[in-house]
Amino acid sequence: MKHLRHLLSIVVIALGISLAQTTSATVNDQASQQHGADLYMHYCSSCHSLKYLRYDQMAHDLDIPPDKLTEYLKSAGRKADDPIIAQLDAAMVAKAYGAPPPDLTLIIMAHSPDWLYQYLLAFYPDPMRPSGSNNHMVSNVAMPDVLSALHQQLGDAAFKAQVADLVSFLNYTAEPERHTRYWYGVIILIFLTIFLIPVILLHQDYWRDVE
Amino acid sequence: MCSDSDPDTRLSRRRLLIHTVEALSIIGLAGASIPLLRACSPQGVAVKKNAPLKQDLSALDVGQMITLNWQGKPVFVIRRSDAMLKTLAPNANQLRDPLSVESKQPDYAKNIYRARDPHILVVVGVCTHLSCTPSYRPDQAGDLGPDWRGGFFCPCHGSRFDLAGRVFQGSPAPTNLTVPPYQLVGNILTLGEPNPGEHT
Amino acid sequence: MRLFIWLAQRLPLREWYQRHLSHYYVPKNLNIWYLFGALATLLLINQLITGIWLTFGYSPTLSGAFDSVVHYVRDVPSGWLIRELHAAGASMLFAVLYLHLFRGLLYGSYQRPRELVWLLGMGLFLVLMIEAFCGYVLPWGNMSYWAAQVIMDLPTAIPGIGDDLANWLRGGESISQVTLSRLFALHVIGIPLVIAFLTLLHLTGVRHVGANNPEGIEIKKHLSPDGTPLDGIPFHPYYTIRDLLGVGVFLLVFVGIVFFFPTGGGLILEPANAIPANPLQTPAHIAPAWYLTPFYAMLRAVPDKLGGVITMAAGLALPFLLPWLDRSKVKSMRYKGRASSFMLAVMVISFIGLGILGLTPVDHAVLPFIGNQLLAQILTALYLLYFLLMPLYTKFEACREPPDRIGGAQ
């Protein structure tokens with residue numbers, strides 16, 4: 001049954017790759033997400049909700065220091081177990097800018113991380129628009145260029161790193177349990193591989209009698 | 001792996017393999033049922049735990065009871081008169097658990113009054129038998145027996161409790177009514193656990 | 001052990017075991033193509049169990065549906081896993097079913113005496129497509145809403161009764177709470193009961209006439225002195241262990257997808273459905289689930305609305321007629337002429353091509369030298385011709401004589 005031996009080697013290789021993928025979720029990612037959360041609270045949370053995420057849940061998952069959390073709660077006027085709701089009224093913002101700001105908890109699922117990254121870098125000044133800016137990826141977008149001051153302050157390279165952190169944070173909000181998923185997968189694949197060994201041997205044992 | 005030669009070896013090898021496959025299959029099925037079982041556990045995160053409820057009791061008259069809705073359960077709050085408080089001691093020999101040993105209450109309610117302040121009773125209005133809501137019967141009514149000094153009467157199966165929520169012998173209910181955690185500052189009642197760092 | 005004896009006195013346990021397992025004789029040459037029926041049954045059970053669990057947390061209301069799914073995924077312990085098993089399970093079910101169907105085409109499993117098994121199977125496939133559609137609407141994402149909008153508008157193509165029929169199906173002139181509630185009822189209980197019933201009949205039919213095999217010859221023709229087919233082996237233990245092996249390998253793939261590739265690259269959890277339903281904004285690119293796209297492409301190939309509906313209906317209906325379209329004296333492709341294998345290959349390539357076209361946005365050309373619509377028309381025609389020309393090419397092609405016994409022995 002050499003096909004099965006080949007199959008098992010493919011499985012072992014796949015297991016190795018998935019293990020590598022899992023362990024590469026290192027401390028760096030969490031630091032990036034923490035920083036992204038900070039950026040979000042300062043620049044995005046006045047208009048955009050993360051209504052499926054609670055402050056205490058975020059603080060716990062990203063190891064946000066208590067003083068930072070208090071700072072966020074204070075400026076939003078909320079309690080720790082409240083969901084992260086935008087400070088400004090959506091209807092009011094819609095009137096000012098032309099469209100209500102969407103909730104961003106799942107935005108990474110609706111658009112890929114790459115798309116979001118490009119989008120945030122694609123703003124440019126446009127005097128013809130009421131907000132004063134436009135976007136290469138979404139023409140005549142209603143959203144103003146909220147990060148322009150940060151961009152000018154930091155310059156291109158550093159700004160890109162900031163945007164990457166913000167995207168990394170939104171990657172977290174869409175699926176807080178991602179690392180659990182990877183580990184369960186590895187364990188179950190290992191179990192299945194172990195399971196298949198006696199099954200293959202037993203199969204060979206029976207089918208030896210059939211010509 | 002030439003075990004073909006001896007049929008006995010082959011048979012015992014086959015049996016070993018069968019048992020191994022069976023064992024691993026059972027483990028696998030058990031493992032697969034874990035997420036199903038877990039998914040039925042209470043979704044604590046979604047429900048705000050112990051959301052404190054504040055109530056001003058200034059308008060509560062003596063002898064009057066109000067019912068608050070706390071965590072989906074009715075909570076009775078009664079301003080007891082001195083006369084009512086005097087009925088508590090004589091009841092003792094007819095009660096199943098006069099010293100509140102078996103029932104659920106915070107430490108500050110483990111006394112004869114089952115309360116922080118004797119004049120304010122706070123008790124969960126859920127009969128400890130099968131969870132009906134007992135009626136408030138402060139009057140010395142004839143239909144509840146000649147010894148009735150006032151208390152609660154559960155219409156579902158006839159359990160009787162005194163004016164401190166303690167259950168009478170002969171009632172189907174096994175224990176006294178539960179006292180929830182609460183704070184009382186002047187006339188302001190707050191139901192629920194205090195936040196960490198707050199004074200109990 | 002005593003429990004077993006108690007049960008055996010009251011239920012025909014020993015008889016069942018012998019009739020359906022230890023003394024059920026099955027051809028000894030079944031290959032991997034015969035695994036997919038068992039896998040389909042396993043996946044149906046998966047859909048049922050994960051579906052019930054999802055219903056614990058689902059709210060079938062316009063305002064609550066989307067949020068209830070998000071909360072189930074994020075706040076219920078293992079909720080994300082149950083949801084993913086259900087969504088990925090649906091895709092795996094259709095992948096397995098297409099392979100199962102293909103086996104039927106390859107070995108002539110639909111031919112006499114298995115025509116009813118085939119009809120029941122095709123009926124099941126159709127019912128499962130409707131079930132999948134109903135289920136897809138329930139999360140009430142933007143793609144859910146627009147899929148409902150497009151599909152439930154199709155009946156309007158029928159002249160005369162079309163508008164009334166569409167209104168009757170929707171419960172109104174547009175998609176509303178009424179629509180969502182009835183799709184919920186159909187998906188959760190109405191259609192599953194039909195699926196259970198049809199599956200039972202389908203399995204009973206197979207059991208009654210016996211399984212076909214890659215050689216397409218009937219093993220019951222040559223019996224041993226004790227009445228068992230000479231070329232048959234008992235289902236248990238030979239095929240129980242083989243199916244277990246198949247299930248194990250399949251689970252490696254399934255687990256790989258569920259835990260490492262849950263969105264399926266947008267084929268399992270579509271990006272457009274991560275946004276709540278918005279009746280005022282159609283997603284940039286509407287497509288049904290990947291397993292429905294071949295038929296969707298047939299629908300779109302014809303520029304006329306009614307014409308498109310008829311073409312798609314023909315694409316779905318013609319496979320039902322296969323037992324009567326196939327005039328060949330032999331069942332299996334191994335012994336049919338070159339025309340049959342050629343036409344089958346053309347049909348499969350066309351079907352896959354149509355699937356790709358169905359998934360592609362209208363402005364993206366799939367091939368450089370030909371427009372999408374023309375390509376779809378050609379592929380639809382080739383697909384339909386496989387069936388329409390079958391009475392001719394199966395009758396007149398030169399086929400080979402299959403052996404009398406499996407393994408070539410006469």
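In this predicted model, D153(C) is partly exposed, with a relative accessible area of 28%. The side chain of D153(C) forms a salt bridge with that of R170(C), at 3.2 Å from N to O. R170(C) is buried, at a relative accessible area of 5%.

**Salt bridges**

Over all chains, the structure contains 22 salt bridges. One of these joins the side chains of D38(A) and K68(A), with an N to O distance of 3.1 Å. Because D38(A) is part of helix α2 (residues 27-44) of chain A and K68(A) is part of helix α4 (residues 66-76) of chain A, the pair ties together parts that are 30 residues apart in sequence. D38(A) has a relative accessible area of 15% and is buried, since the cut-off for that class is under 20%. K68(A), at 27%, is partly exposed.

Another salt bridge in chain A connects the side chains of R54(A) and D56(A), at 3.6 Å from N to O. Here R54(A) counts as buried, with 13% relative accessibility, whereas D56(A) counts as partly exposed, with 29%.

| Salt bridge | Distance, N to O | Relative accessible area |
|---|---|---|
| D38(A) and K68(A) | 3.1 Å | D38(A) 15%, K68(A) 27% |
| R54(A) and D56(A) | 3.6 Å | R54(A) 13%, D56(A) 29% |
| R170(C) and D153(C) | 3.2 Å | R170(C) 5%, D153(C) 28% |

Salt bridges also form a network whose members are D205(A), R208(A) and D209(A) of chain A together with R10(B), R13(B) and R14(B) of chain B.

**Chain A: overall composition**

Chain A has ten helices and four strands. Along the sequence, these elements follow the pattern α-α-β-α-α-β-α-α-α-β-β-α-α-α. Of the 211 residues in chain A, 43% are buried. Among contacts in chain A with a separation of 6 or more, 67% are between residues 24 or more positions apart.

**Helix packing in chain A**

Two packed helices are described by the angle between their axes and the distance between the axes. In chain A, helix α7 (residues 113-121) and helix α9 (residues 156-174) have axes that come within 10 Å and cross at roughly 140°. An angle over 145 degrees would count as roughly antiparallel; α7(A) and α9(A) are therefore oblique to each other. The crossing of α7(A) past α9(A) is right-handed.

On the α7(A) side, the contact is made by P113(A), L116(A), Y117(A), L120(A) and L121(A). The α9(A) side contributes F159(A), K160(A), V163(A), A164(A), L166(A), V167(A), L170(A) and N171(A). By class, this contact of α7(A) with α9(A) comprises eleven nonpolar residues, one polar residue and one charged residue.

**Helix packing in chain C**

In chain C, the axes of helix α11 (residues 293-301) and helix α14 (residues 338-359) are 7 Å apart, and the helices pack at an angle of about 75°. That angle makes α11(C) roughly perpendicular to α14(C). From α11(C), the contact involves T293(C), P294(C), F295(C), Y296(C), A297(C), M298(C) and R300(C). From α14(C), F351(C), L354(C), G355(C), L357(C), G358(C) and L359(C) take part. The contact of α11(C) with α14(C) has nine nonpolar, three polar and one charged residues.

**Two individual positions in chain A**

R129(A) is placed in the loop between β3 (123-125) and β4 (133-135) of chain A. Leaving aside residues up to four places away in sequence, R129(A) touches N134(A), N140(A), V141(A) and A142(A).

I200(A) is located in helix α10 (residues 178-207) of chain A. With 11% relative accessibility, I200(A) counts as buried. I200(A) and L53(A) are 147 residues apart in sequence, and their C-alpha atoms are 46 Å apart in space.

How values were computed
Residues numbered from 1 in each chain as written. Chains lettered and ligands numbered in written order. Predicted model: local features only at pLDDT ≥ 70, side-chain atom pairs only at ≥ 80, totals over all residues. Heavy atoms only, no water. Salt bridge = Lys/Arg side-chain N within 4 Å of Asp/Glu carboxyl O. Buried < 20%, exposed > 50% of the residue type's maximum accessible area, 1.4 Å probe, protein only. Axes fitted to C-alpha atoms, helices over the stretch in contact; angles between N-to-C directions. Parallel < 35°, antiparallel > 145°, perpendicular 65-115°, else oblique. Left-handed = near helix turned anticlockwise from the far one by under 90°. Contact = heavy atoms within 4.5 Å. Nonpolar A, V, L, I, M, F, W, Y, C, P; charged D, E, K, R; others polar.
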